[in-house]
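Please examine the structure shown below alongside this briefing, which is grouped by topic.

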Amino acid sequence: MSAEKEGDTLCFFINGKKVTVSHAEPETTLLSFLREELRLTGTKYGCGGGGCGACTVMVSRYQPATKTITHYSANACLLPLCQLHGAAVTTVEGVGSTRTRIHPVQERIAKAHGSQCGFCSPGMVMSIYTLLRNRPQPAMDDITHALQGNLCRCTGYRPIIDGCRTFCQEADCCQANGAGDCCLDGEETLEETQREKPELFDKREFLPLDPTQELIFPPELILWAERAPPQTLTFRGERMMWVSPASLEELVQLKTRNPEAPLVMGNTNIGPDIKFKGVLHPLIISPTRVLDLFEVTQTPHGVWVGAGCSLTEVRSLLEKLLPQFPEEKTEVFRALSQQLGNVGSLQIRNVASLGGNIMSAYPNSDLNPVLAAGNCKVSVISNGGKREVPLNRDFFVSFGKTILKPEEIVVSVFIPFSRKVLNILTLNPVLWIKFQLGLDVSEALRLPGVIDVITAKDVPGQKVRKMFGYEEVLLAETEVSCVGQMICAVVADTRVHARRGAAAVKIGYEDLPEPLFTVEEASEKSSFFEPRRMIEKGNVAEAFKTVDHVHQGEFRMGGQEHFYMETQSMLVVPVGEETEFNAYVSTQWPTGTQDAIAEALGIPSNRVTCHVKRIGGAFGGKVVKTATLACITAVAAWKTNRAVRCVLERGEDMLISGARHPVLGKYKVGFMNDGRIMAADMQYYTNAGNTVDESPLVVEKILLHIDNAYNIPNLRGRGAACRTNLPSNTAFRGFGVPQSIMVLENMLNDVAMVLGHPADQIREINMYQGPSVTHYGLEFSPENLRRCWDQCKGKSDYAARRRAADRFNQDNRWKKRGVAIVPIKYGIAFAESFLNQAAALVHVYKDGSVLVSHGGTEMGQGLHTKMQQVASRELGIPPSKIYISETSTNTVPNTCPSAASYGTDANGMAVRNACQTLYQRLEPIRQKNPKGSWESWVKAAFFDKISLSATGFYRGPDLYMDWDKMAGRPYAYFTFGACFCEVELDCLTGDYRVVRTDIVMDIGRSVNPSMDIGQIEGAFLQGLGLYTLEELKFSPAGLLYTRGPSQYKIPAVCDVPLRFNVYLLPDSHNPHAIYSSKGIGEPALFLGSSVFFAIKDAVAAARSESGLVGPFPLDSPATPERACLACASPFTQKIPASTPGSFKPWALNM
C-alpha cells in the first residue's frame, strides 16, 4: 500500500502556474501556503474558520465522467493543501491587478466605492468572479447568494451590491434598484419611480466582461485526469499522515485498520478542531476520489444521495427533482432544500459533504433534525458488509457521537418521498470545565520551533500601563481578574509552532472568592472605576411634583464586538546598534503605541518608530489594547533580538481585546398629557470589565448626550463604570453615545405608549427649536436638526407609510409591519482639549510629485483620500501627483488618535497649513512665469534654493468640560441626522426584514460625498447589528462563548434594507471644520436604532391582538428570540415562565 511510501508529490495549479510540493504537510492549509510560501497575500486571513469569506478563492476541477470543468468558491483557511491534488486554484492575484490589468469585477466594486478598509474586498471579488465563471449573466438573487458568505464591517454592502449589479441583465427591476418594497406591497408612488436618482458612478465607463479572456483550465490536468489510472496518495507530515484512497475497497480496508482515523471531505469540522482545539489525528483519510461516495440513484420511494456529495450539489439535485413530482411527495425535499440554503455560507456548502454533516452529530445541526423528521436513512459499509441504519433519535447518541461503529463508513443517504408521520429529534449536549493549579512552560519549550516564552519578568521597563490613576499589567504574574487576561507569550519560528507551544503551556488558577460579572453585582459591592459622574439641569425633584404622569423603567443593552476584518496585527523589528525598533502596527494611535513600547523597554521614544500603512478596520478597538499587545511583542523582539510578528486569531482577539460597553439604564420621567417631558432622571451603569481602559471617558460622553435632540427643562444624569471580572471593554464607534441615546429614546417610546400617542409626535413636541442651550450650557442652533427631521419625514413619505403599515397589520395576524423615525445630535471633537491638534509634513520633489504625511491613520474611512483632495485643492494640482505612503512617528511626531470623527477636521487643517506655506513660497516663481507649469515652478524653486518641504500644524479649539460646575464646551459643533425605517416582522419566529430605510444627514459641505455616504451606510449597518443582531454571550464563569463568526453574527448582505436611501442635507455650512464639512464617522451608527424601534412598533401591533397595550420591555439587541417572546402570541403564552432560582442560566444576562 502506498501508505508505506516516503510520500507522494502533490501537484496542482495556482493562477495558471504549476505547483509541485514534494513534502506536503497535511496540517498546512491553502491559505497559509499562499501567504507564507508563495507570498500571495491578496487572500486574507480573517477568522481562520470559514466564517468571514476574506480568504475566498476559486477552485476548479475537471470531471472525466461528464468531461466538464466545475468552478466553486471555497475558504482557503479550511482547504487542506493535500486535498488540492489535480485542482486549479485561482486567487485574487490571478484575476487581475494594477500591474497587469484589473478585472471588471475589481473595477466595478472599486468605482462603486465598495471598498473602504479593503480587507474584505479580495474575498468579495473572488466570490463574484466565481459566480461569473459559472454564470456570466447572473440575476440579482445570484449576486446576493454568492456574497452571503462574505462579511464586511465597513461599507454597509450597498456599494458592493451596486457594483456587482451592473453584471445583471435585470438592472431596471425595482428589487435590483433597491426599491424592494414596491414588489412587496405596491406602495411605491409614481413620483418616486419616475424621480431621477443621482448616480455615484457611470456604468458606461466600465470595462466589458469578456469570458474569453479568463484563465483557461490547465490542459495538463485534463490529460492527467483522463489518462492517469487512479492511485492512492500519501502525504507525510511532522505529526500527521494524509492518505487519499482511490477506491471504496481500499477505503474500507484503511478504516478497518484505523477505525479512529477521521474521514475528511470538506474539512469544515475536523479542520477547526485541529486549529482551534488542538486536536491531533496521526492519520487522516480523505476519500474525495472514491467515486462510490458521489453516486446518485433514484428509486420509486425516494433518492439515494452519495455521502460525499457537497451540500451545494445536494441542494441542486433536490431543486431539479422538485418539479418532477407532485408537491405531496416532495415535502421532505422542499424542507431540506430550504434548510440547505441556511447552512453555513456558500463557500462552506461548496465543500462540506452530506455524510460529514450527519456524522458530525452536532446538537445545533440545521440538517439532522430535518433528515430525522423526514425518516431518512444511511447506507453504511465496513469489513463486515453493508447495512442500512435509520436516521432517528436513536441514531444520535450524544454530542459528536452516533450509533455507528468506528470502522463503519456512510456511503449514501436515502431521502424518501414524503409521508405524513414525522419524528422529533433531540440531542443532549454535554459540557464540562476543569480547573488545575500551577504554571509550567517546560513542555512548551521542548516543542520543535519554540524559541522562548515571555513572561512579566522579561519586561525590562515598565510592567504596567497607567490610565486614570489605575494600573494595568502587561502580563499577569500573581493574579488574573478575568478569563482572557494575558499571562505569557510563546515565541516560535512559525505560527503553527507558536500555537502548539501556547497550547502546551500549563496554567492553573484558584477561583476568585466572589467574582463580579454583571453591573448589578458590581453595584451591590460598590465596585466602580472612579470618578463617577453626574450632571443636572433645572430642578428635577420639584418638576416631578408638577407633571401629569410619572413613569419609571429600565433598559438593558448588550455589548458589541468590533469585528474588524483584520485582527490585531503587529511586527516589531530590532534595527541598528542603539536599541532601536521599527514597529509596524495596525493601530489608530501610532504615537500611543510608540510611547507604550518605549516605556515597556525602558528606552526613549526616539528609539521607536511606529509605522501604519493602513488598517483593516478598527472602530475604536485598536487604541489601548493594541498598544499593550505591541509592548509584549516588542519585549519578545528585544529579548530574542529578532523580528517578531503577532497576529491574533479571531477567537483570541474577541476574547482579549474587549468590546462596546454593555449598559443598564434606569429612568424616571415626568410628562404632561400632551406629551411634553418636563423632567427626567437617568442613571447609567456601564460594564467596564477588569481594567479601566477608557471607561471613565465613555461614561462622560454618555452623560453629555442624554438630551439627544430634545429640550428637557429638568434633566439629571448619573453614570458609573462598573468594575467586573470580564475582559476590559474599550472604545467603540460612538464611544457611549449609542448606549446613551438608546436609553433616552426608549424612555420616549414608553411615554408615547402610556399616552397612546404616536412616538414621532412625542419626539417632535420635545425637540429643540430656535436658539438652544444644552444641559451643560453649550449654545447651538437646531435649525439643521429640524430640517433633517422634516426632510426625512417627507422623503420617506412617513404619514402614508404609517397608514399603509396600519392597514397591513389589520389584514395580517402573524406578520406585522412597524415604522419608526429617530433623530441624532452628535458632538464632534475631543472634550479633552489637548487631543484636538494635528501635524503634517509635505514634500515637493523636483519632478513635481508630492509626498504628504500626516498624523491620521487610514482604516477605511477614506482619510488619506481626503488629505489628497486637500493638498490638491491647496496646491492647485491633480490628485494623481500626490501620494501618501504611510503614517509614521518619525515623519509626524506626537500624533493624536484617529477617533471621535475628528480625523479629517484636524489632519485636513494641518495638511492645508503645510500646503499653503509651500504655495506661498512659490509665489515669486509664479509671478516670474505665470504661464508656466507646476513642474517648471518646482524646478525653478529648487534652483532658487527655495525649500520645497513644509510642516503644517493645526491647533484645534480649546474645548473643556467642568464636571464640578456641570458646564462647559466639550464639542466644536454637532452633526445632525434623522432616519426612517420600516420592517416586516414574523410574529411566530421573530424573524424580520428591513423593508425600507431613509436617512437624511447634515454633514455640512462634504469633502467627498461618495465616501461620506459610504460612512453613513456602514455606520447604519453596524448600528443595525448592535441593536438587533449582535449578541455577546458569557458563561456563568465569565468565559466568552461567542468567539467567532459561527457564534457571533454581524450584518451580512441579506440584512441590507430592501430600499436604502441616503440624502445629504443641502445648503448646510459649518465654519468650525475644513472646507465647511462635518465629521461623519460615528454619528450615523445610532440611526440603526430605527430598526429596533420599528421592530418594537411591529411587536406592539402583535401584542394588541392579544389585548396587551402600554409599555413593555424589549432589551437590545432585539434578536428574533426576544422579538418573538415580546409578541406574546397565544403560542408563547402557553410556555410556563421559569421560576427564578429553579435553574442555572447557561449564559450571563448582560
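Ala1128 is buried, with a relative accessible area of 10%; buried means under 20% relative accessible area, exposed over 50%, and partly exposed in between (1.4 Å probe, protein chains only). The model is predicted, so local features need pLDDT of at least 70 and side-chain atom pairs count only at pLDDT 80 or more, while totals for chains, interfaces and linings use all residues. Residues are numbered from 1 along each chain as its sequence is written, and side-chain values use heavy atoms, with hydrogens and water left out.

**Backbone angles**

- Ala1128 has a phi near 50 degrees, a positive value in a residue other than glycine.
- Ala1128 lies in the loop between helix 35 and helix 36 (1130–1133); helices (H or I, at least four residues) and strands (E, at least two) are DSSP runs, numbered from the N terminus.
- Asn375 also has a positive phi, near 60 degrees, and is placed in the loop between helix 16 (368–373) and strand 11 (377–382).
- With a relative accessibility of 22%, Asn375 counts as partly exposed.
- Most residues other than glycine have a negative phi, and most peptide bonds are trans.
- Glu530 and Pro531 are joined by a cis peptide bond with omega about 5 degrees, and Pro531 is found in strand 22 (residues 528–537).
- Another cis peptide bond, with omega about 5 degrees, joins Ser1116 and Pro1117; Pro1117 lies in the loop between helix 34 (1089–1105) and helix 35 (1120–1127).

**A covered helix and a buried loop residue**

- In helix 6 (residues 158–165), 8 of its 8 residues are buried.
- The elements that cover the buried residues of helix 6 include helix 3 (104–111), helix 4 (121–134), helix 5 (140–147), helix 33 (1009–1028) and strand 43 (1059–1064).
- Asn15 is in the loop between strand 1 (10–14) and strand 2 (17–21), and counts as buried at 16% relative accessibility.
- Leaving aside neighbours within four places in sequence, Asn15 is in contact (heavy atoms within 4.5 Å) with residues including Leu40, Val89, Thr90 and Leu215.
- The C-alpha atoms of Asn15 and Ala88 are separated by 7.5 Å, although these residues are 73 residues apart along the chain.

- An open sheet is formed by 5 strands in the order 27-24-25-26-37, with mixed pairing; two strands pair if DSSP finds at least two bridges between them.
- Strand 27 (644–647) and strand 37 (887–888) are the edge strands, each pairing on one side only.
- Strand 26 (residues 608–612) and strand 37 run antiparallel and are joined by 2 bridges.
- The bridge partner of Val612 in strand 37 is Thr887.
- Helix 21 (residues 590–601) packs on the sheet, and its direction makes about 145 degrees with that of strand 26; axes are lines fitted to C-alpha atoms, for helices over the stretch in contact, and angles run from 0 to 180 degrees between N-to-C directions.

**A helix pair**

- The axes of helix 25 (residues 737–755) and helix 34 come within 12 Å and cross at roughly 25 degrees.
- That angle makes helix 25 roughly parallel to helix 34; angles under 35 degrees count as roughly parallel, over 145 as roughly antiparallel, 65 to 115 as roughly perpendicular and the rest as oblique.
- The contact includes Met742 and Glu745 of helix 25, and Phe1092 and Lys1096 of helix 34.
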